[in-house]
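Please look at the sequence and the structure together before reading on.

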Amino acid sequence: MTNRPWGTRRTALTRTAFIAAPLCMLAYGVIRLSDPDHGPGLTWTSGHIALIAGVLLFAAIFLGLLRLSKPTTGAARLSIQAATLLGLVGVVAVTAQGVIDLVVGFRADDRAGMDRFFESIQSHPGVMPAVYTVGPNLFFVGLLWLVIQLAVQRRIGVWRPVLVVLGTAAMAASLDLMPLGALLFCVALSPLGRNTTAHPTRAEC
């Protein structure tokens with residue numbers, strides 16, 4: 001029995017990520033709605049595991065979108081690379097936030113205890129901007145930048161960035177709208193996994 005080449009495994013992972021990442025975020029949103037108290041327990045833990053899995057899979061999506069942009073040169077290449085880097089930094093920030101949420105959920109006995117742990121963690125210098133405010137927003141900035149530039153390059157249809165904008169706006173308006181935002185991401189992104197090894201030269205339908 002022989003192992004599949006790394007390139008084949010990477011392609012398979014990327015194609016899977018384009019579908020699985022938004023679905024994991026959808027799962028998190030639905031699980032969160034089922035826990036109105038947002039307290040420690042199985043629901044909190046399972047929801048955040050789904051969130052972390054989805055965000056980590058988005059790292060593969062960012063790299064897949066970068067490959068979809070090729071070949072590019074000059075300013076366009078620097079732009080797409082900058083967008084990818086911002087997105088990956090955002091992935092790290094959101095993942096860190098999810099891990100903190102998991103640890104706090106394991107350590108606290110109730111919601112009041114969780115709030116005390118969160119206050120203690122967030123009081124450390126740099127934690128709020130890195131993990132809770134600026135850092136996570138880079139995830140969405142990078143994603144929007146990537147899909148808009150791909151649309152400008154006519155690599156993807158212009159309606160895809162529109163759906164990503166709407167999905168981002170829904171999530172920004174309220175975490176209760178996370179399922180809607182995730183569904184919009186899924187419609188916009190999931191078919192692109194098939195194109196990560198091909199580079200269309202004109203816009204999609």
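## Basis of the report

The structure is a predicted model, in which local features need pLDDT of at least 70, side-chain atom pairs count only at pLDDT 80 or more, and totals for chains, interfaces and linings use all residues. Residues are numbered from 1 along each chain as its sequence is written, and side-chain values use heavy atoms, with hydrogens and water left out.

## Helices H2 and H3

Helices are DSSP runs (H or I, at least four residues), numbered from the N terminus. Two packed helices are described by the angle between their axes and the distance between the axes. Helix H2 covers residues 42–68 and helix H3 covers residues 74–107; they pack at an angle of about 170°, and their axes are 9 Å apart. Here the axes are lines fitted to C-alpha atoms over the stretch in contact, and angles run from 0 to 180 degrees between N-to-C directions. H2 and H3 are therefore roughly antiparallel to each other, a term for angles over 145 degrees. Their contact has 17 nonpolar, 8 polar and 1 charged residues. In this classification Ala, Val, Leu, Ile, Met, Phe, Trp, Tyr, Cys and Pro are nonpolar, Asp, Glu, Lys and Arg are charged, and the others, Gly among them, are polar.

The expected span of a helix is 1.5 Å times one less than its number of residues. For the 27 residues of H2 this gives 39 Å, which agrees with its end C-alpha atoms being 39 Å apart. H2 is mostly covered, since 19 of its 27 residues are buried. Buried means under 20% relative accessible area, exposed means over 50%, and partly exposed lies in between (1.4 Å probe, protein chains only).

## The nonpolar cores

In soluble globular proteins, nonpolar side chains tend to be buried together. A nonpolar core is a set of buried Ala, Val, Leu, Ile, Met, Phe, Trp, Tyr and Cys residues joined through side-chain atoms within 4.5 Å. The largest one in this model has 42 residues, and Phe58, Leu65, Leu143, Val164, Phe185 and Leu189 have the most contacts inside it. Two or more residues come from each of helix H1 (6–33), H2, H3, helix H6 (134–152), helix H7 (159–173) and helix H8 (178–189). H2 gives the most, with 11 residues.

Which residues does Phe58 contact, leaving aside its neighbours within four places in sequence? They are Ala21, Pro22, Met25, Val91, Phe139, Leu143, Phe185 and Leu189, where contact means heavy atoms within 4.5 Å. Another core lies apart from the largest one; it has 9 residues, among them Trp44, Val104, Met114 and Phe118.

The 19 residues of H6 should span 27 Å, and the end C-alpha atoms are 26 Å apart, which agrees. Buried residues of H6 include Phe139, Phe140, Leu143, Leu144 and Leu146. The cover over its buried residues includes H2, H3, helix H5 (127–132), H7 and H8.

In the loop between H6 and H7 lies Gln153, which is buried, with a relative accessible area of 18%. Beyond its neighbours within four places in sequence, Gln153 is in contact with Ser69, Thr72 and Ala76. Arg154 is found in the loop between H6 and H7, and it is partly exposed at 47% relative accessible area.

Most residues other than glycine have a negative phi. Arg154, however, has a positive phi near 65°. His38, in the loop between H1 and H2, has a positive phi near 50°; His38 is partly exposed, at 22%.

Ile100 lies in helix H3 and counts as buried at 18% relative accessibility. Not counting residues up to four places away in sequence, Ile100 touches Phe118, Ile121, Val131 and Tyr132.

Pro179 is found in helix H8 and is buried at 12% relative accessibility. Apart from neighbours within four places in sequence, Pro179 is in contact with Leu26, Gly29, Val30 and Leu33. Pro179 and Met25 are 154 residues apart in sequence, yet 7.3 Å apart in space, C-alpha to C-alpha.

Notes
Angles under 35 degrees count as roughly parallel, over 145 as roughly antiparallel, 65 to 115 as roughly perpendicular and the rest as oblique.
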